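Subject: Structure handover

Hello,

Please find the structure for your files below. My notes on it follow.

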Amino acid sequence: MPALKMTIRRSSLITSAALLLVSLASPAFADDTDANPEESPSASPSATPPSAMSPLGGERLGKPGNQVNLGAGAPVLPADVTARSWIVADAESGDVLAAHNAHWRLPPASTLKMLFADTVLPKFPSTTSHKVAPADLAGIGAGSSVVGIKENQTYTVHDLWLGVFLRSGNDAVHVLSAMNGGVRETVKDMQAHADDLQALDTHVVSPDGYDARGQVSSAYDLTLFARSGLQKKDFREYCSTVRAKFPGTAAGAAKGKAGRATSEIQNTNRLLTGDTDVTAYQGIAGVKNGNTTNAGATFTGVAERGGKVLLVTVMNPEKKEHNEVYKEAAQLLDWGFQAADKVQPVGELVAPKGVDTTAQPGANASDGASPGTGSGSGTGTAHSSTKPVAASAPAGRGGTSGIGVALGLAAGFLVLLAAGVFLVNRRWPLPDLMRRRR
């Protein structure tokens, strides 16, 4: 990147950071401590966005309403998108192509599980087994989505993550949280990781995204979580899996007999699976959907077409038609692929703290590393690879994605091992971020 351009970008980021400090002190950024969704499930956030929101990533992103710079030949934004907040961004460059109330702090629902996975996934090898204690399943919110985990049964970490990504299982989240030292410790870890990613609109209360007083995020932050998580090979595999086999109760367990029944689980992301009124989106490869009383429907997706990789986040469409959040996400992705080279960015997805975005490509990048998590220390997933994910096998087999294309994301970090793990001179991201292998 030319020196002048880097100087301008750095100056922009400094200005944004200064404005952010001012805006964070304003009432628009105070937690709504008077509203308690757990006591009043019908409570919902204001229908009007704040007049001043965080300018992180660019001043335009802190303004309410549509933000877009249409160039010659660029298509207009779809007129029937009703989401309270949305964003369309280039996953490789981080350029925000268009946005609507990008920093509006809203309940995130299960899209917050992307942060949970990005935080906790590197800590346990997928082959690790865990016998579920009754205490592991304590505190799951009423009406939560579950994958059907039973106490006193043993599951692998791989099983649990399939439950998180495919069925949005809060029971799987709580078991993994228990393995991580408990819900409170996990929430603390998630908040620290959000802060490291500069996801400053996010306040974590529950690890599963269940409605809780003060729990908020934004379309901007959810997109940061997806972009960070997608740099992990296993995160990519889980979030793009359409269907898989999940273990049931051990057959004859009381008699000590071997054997374990399984049942098929399917991803609830309708842009992956399709539905009666939604077709599977061409090039889709994840990421996560959610729906709660306070949040409404939320969704973050990633898709690739013609060598271009886009991220979209849609939060709480006002139109309450069936699968509306997916329909609006598909419209925004369609627009993004048509407009990608015909618009000027209105902002950017910022890099995590401490990341050197000026470093040139080099060797020794680690696929498993995650900013601020210390992954790569030997406690991370056992099957990280510097190679991109291969194209998927056909749907219908256990653990396959069935999308016909898998995204290969190489993590952009240089790792120094010395008396522990330190992330230094980290590149964000590598130029070949999200290149697929045919």
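Glu237 and Lys233 both sit in helix H7, four residues apart, about one turn of the helix; helices (H or I, at least four residues) and strands (E, at least two) are DSSP runs, numbered from the N terminus. Their side chains meet in a salt bridge at 2.6 Å, N to O, a salt bridge being a side-chain nitrogen of Lys or Arg within 4 Å of a carboxyl oxygen of Asp or Glu. Glu237 is partly exposed, at 28% relative accessible area, while Lys233 is buried at 15% (buried is under 20% relative accessible area, exposed over 50%, partly exposed in between, with a 1.4 Å probe and protein chains only).

This is a predicted model, in which local features need pLDDT of at least 70 and side-chain atom pairs count only at pLDDT 80 or more, whereas totals for chains, interfaces and linings use all residues. Residues are numbered from 1 along each chain as its sequence is written, and side-chain values use heavy atoms, with hydrogens and water left out.

Mean pLDDT (the predictor's confidence in each residue, from 0 to 100) is 78 for the chain, with 68% of residues at 70 or more. Two stretches stay under 50: residues 10-43, with 46 contacts beyond four places in sequence, and residues 360-406, with 134 such contacts (contact means heavy atoms within 4.5 Å).

The structure holds 11 salt bridges. One of them joins Asp118 and Lys232, with the closest N and O atoms 2.3 Å apart. Asp118 belongs to helix H2 (residues 113-120) and Lys232 to the loop between helix H6 (219-229) and helix H7 (233-239), so this pair ties together parts 114 residues apart in sequence. Asp118 is buried at 0% relative accessible area, and Lys232 is buried at 2%.

Asp189 also forms a salt bridge, with Lys123, at 2.8 Å between the closest N and O atoms. Asp189 is in helix H5 (residues 183-196) and Lys123 in the loop between H2 and strand S4 (129-131), so the pair links parts 66 residues apart in sequence. Asp189 is buried, at 18%; Lys123 is partly exposed, at 28%. Asp90, Lys308 and Asp341 are linked in a network of salt bridges.

Regards
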